[in-house]
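Here are some notes to read with the model open beside you. Take the points one by one and find each place as you go.

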Amino acid sequence: MLFSSIPFLYYFLPCVLITYFISPRCLKNTVLLLFSLVFYGWGEPKLVLLMVISILIGYISGLLIEKFRGTVYSKISMILGVVIAFSFLIYYKYANFFVENFGALTGISVPVLKIALPIGISFYTFQIVSYIIDVYRADTCAQKNIINLAAYIAMFPQLIAGPIVRYVDVERQLRTRVHTVDKLSLGIRRFVLGLAKKILVANALGELCDIFRETSGQSVVFAWIYGIAFSLHIYFDFSGYSDMAIGLGHMFGFNFLENFNYPYVSVSVTEFWRRWHMSLGSWFRDYLYIPLGGNRVKKRYRWFINIFIVWLATGFWHGAAWNFIIWGLMFGVLLVIEKLWLLKHFGKHKVLSRIYVLFVVMISFIIFNASSMSQAWNDIISLFGFGNLPFITTETLYYLRSYALIFIIAFIGATPFMKNSIAKIRETKSGMKIINTAEPLVLAVLLIIMTSFLVDGSFNPFLYFRF
Amino acid sequence: MNTRIKDYVQLILLSVLLFGISFWCWFKPATDFSTTERRELKQFPELSVKTLVSGKFMQTFEDYTLDQFPARDSFRTIKALTAKYVFGHLDNNDIFVTSDGMIGKHEYPLKQDQVVHAANKFKYVYNTYLKDNGGKVYLSVIPDKNAFIAEESGHLAMDYDLFFKLMQENTKDFATYIDISDLLSKDDYYLTDTHWKQECITDVADRLAEAMGTTLDKNYKLNTLEKTFAGVYYGQSALPVEKDTLNYLTSDIIDSCIIKNYETGKEMSMYDMEKANGYDLYETFLSGSVSFIVIENPQATTDKELVVFRDSFGSSLVPLLASGYKSITVIDIRYISSLKTEMPNSLQNLVDFKNKDVLFIYSTLVLNNSNTLK
């Protein structure tokens, strides 16, 4: 089920809210779990079983690790749990990729497996693995109550597109959490704003990207518009989803960590990745980069190898295709170059640094969104006039005019300008009054407008579903 | 308002909206048909273990919730207004409204393969049925209203000159082309519909008749339907725009014609007054999408007979041509196959083309999407 859908907004969400808030405290996690299973099963009824098995593996592994703590069996339990959890992910997400490439490499014709990718498997597998490892490291205790653990893993706000919530961050909240009016109000605001980012901005930019793909009126200028539009589209799509997840978390009494922090204002790619999909970055840092030795290795080349391994894994996590691997490795190369030579210069030339970040990130997202490497190559060379395209066409001008305002909104929305401006207005007493009066009205109007877009529109899947 | 009160107000306001609309969704009785969109609405899907396990229920439930959403048309209007005035989109789902209140829909780009496909389809009809029948073959292309409103209002417009040229080049071996584009302007089309107004195309009928060697009776009487006409774009645009008035022309000859609908086997009228009370008033002309009609003119002063291959634009044109012929056979090959088969309802068994002139008259909308021609 999608957050940005009528069934979720006006059927599922009111039901879960009513049931949750009338339930006694001891049953709240059970209610969350049951509704989360319905939420997940709505799109993939048969694959609920796979998620339940994955949860059981995490649960049993945790208990065994704790039972055998201090012995070799604890480590074996951890390794077994991680391997089994990852084996599901590898089978469902990567089997076809390996089969196809094995066939291409050896010339042996191997039939493609008909495997449907379970929605959100990359996210919930990472949560299960982080739980198992955290229990093994004794950063947290094993959860004895399977309902609580299952509610954490399957919790619908972050189940299918993150943020990747760590068990250690919500362990206490699973046992005891407070529900207050200000938290509910905050949650509603965050959810509505996230929904607006998705429905009003990301979807419009997504439409423009589709138009570029389908039109016979492509041009060099349109190729740039496409690159910029997709970069903004993926940001508003994904960060909008994260906002909705965090907002829903607040409504149910949880505090999920932030996942985005205005990445497009970064002055280096290194900084960009500290601000983009932060929960994934920190997951790879804590469970892959640091165990590999991180930057605390004796040889420099070893450090760079660690970086490449992490970025190969990051690219592969996003999808079982070569363009994702190239995309990940591209960032690996850029980060090594920055660490070796560029980082020290970035502070001195902020404008140039930002242009550099925006350009390389746009190129990376063109690769990311391509259906093949040849399409990515064509899209990139088109930017520089080598794609046999005219400089500009009637269609380009038409769509530029039609989407100009959306671009302006997106440019402003991708920076902290609005957030800072509102904070500034709030500093004065009268400003605070104005903001406090306007906020509920703006949110109500936004909800009505977004409903109208959903009623008029068709199915709008989230980009991050495929990961 | 302090922050604490704001939180309460926000919570109450948004909860009222969310739960209020939700309650309305759950308990609003389902409607069967949308008059503004002219389509049947999805009903509650079959709920069973089988449809739940297969996921079929969930797939169709979303369509149901969208179709049956309370105050759906009002919400669509809010969306259209927001897209136009807040986000500055030049069109909404390809629909646009010009400054003089005319609604258009992008028909873009020119699909050359489709135009050639249409020409080849006509050539097939000519080679199969018309080649040795002793009549003459004519072709005319009706420009859709985008030809007059799209470019001037800053929207995407096909290259209509290239369109007409393509059509002529690919049909010149068997058909005489009759150009009518110079007789038309945007005022000849309805504000809210794709079609042309019958009262504005008498000059088009004259041009066609003259080119085909016949003359028409021009003693028309203008009649107006009581009900206002919300054309096909009216519902699609979802914008608060002015509706049209639908006029139709009668004359002694038009009134005396005997018209047979070969789909039903029954006689019908040139202007269907039952349809005049329906949701698509344009269907008043020759009862809308009827695939095969024969019009007999008992007052004819000529033996000339005509076969018209047409789309919906022809429905309002053909009555004006009736006075120039003893009979007119009206065929719509979007609903009847032009292929030569032994089936009883095939073209060769339905129509005797001998010594009849033939006019192919189609709008650019159909020719640019000619896969619909059978």
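1. What share of the 467 residues of chain A count as buried? It's 45%, where buried takes 20 or more other C-beta atoms within 10 Å of a residue's own, exposed means 12 or fewer, partly exposed is in between, and C-beta atoms are placed from the backbone. Before going on, bear in mind that this is a predicted model, in which local features need pLDDT of at least 70, side-chain atom pairs count only at pLDDT 80 or more, and totals for chains, interfaces and linings use all residues. Residues are numbered from 1 along each chain as its sequence is written, while chains are lettered from A and ligands numbered from 1 in the order in which they are written.

2. Now the overall build of chain A. You'll find 19 helices and 0 strands there; helices (H or I, at least four residues) and strands (E, at least two) are DSSP runs, numbered from the N terminus. The C-alpha trace spans about 65 × 65 × 50 Å along its principal axes. For 467 residues a compact globule would have a radius of gyration near 23 Å, and chain A agrees with 23 Å. That radius is taken over C-alpha atoms, and the globule rule is 2.2 Å times the number of residues to the power 0.38.

3. Have a look at the two domains of chain A. Domain 1 covers 6–177 and domain 2 covers 183–267 + 347–466, with bounds from an automatic or database domain assignment. Their C-alpha centres lie 29 Å apart. The contact between them takes 16 residues from domain 1 of chain A and 18 residues from domain 2 of chain A; two residues are in contact if their C-beta atoms, placed from the backbone, lie within 7 Å.

4. Helix 19 of chain A deserves a slow look. Its 28 residues (429–456) reach 41 Å from first C-alpha to last, close to the 40 Å expected, a figure that is 1.5 Å times one less than the number of residues. There's a kink of about 30° at A:Ala438, shortly before A:Pro440; the bend is the angle between axes fitted to the seven residues ending at a position and the seven starting there. Buried residues of helix 19 include A:Pro440, A:Leu443 and A:Phe453. Among the elements covering the buried residues are helix 1 (6–22) of chain A and helix 1 (3–27) of chain B.

5. That brings us to where the chains meet. The contact takes 40 residues from chain A and 39 residues from chain B. Helix 1 of chain B gives the most to its chain's side, with 15 residues. By class, the side of chain B that touches chain A has 23 nonpolar, 9 polar and 7 charged residues. Here Ala, Val, Leu, Ile, Met, Phe, Trp, Tyr, Cys and Pro count as nonpolar, Asp, Glu, Lys and Arg as charged, and the others, Gly among them, as polar.

6. Most residues other than glycine have a negative phi, and most peptide bonds are trans. A:Ala138, however, has a phi near 65°, and A:Asn388 has a positive phi of about 55°. A:Ala138 counts as exposed because it has 11 C-beta neighbours inside 10 Å. A:Asn388 is exposed too, with 9 other C-beta atoms within 10 Å. Over in chain B, a cis peptide bond joins B:Tyr108 and B:Pro109, with omega about 0°. B:Pro109 sits in the loop between strand 4 (103–105) and helix 5 (112–130) of chain B.
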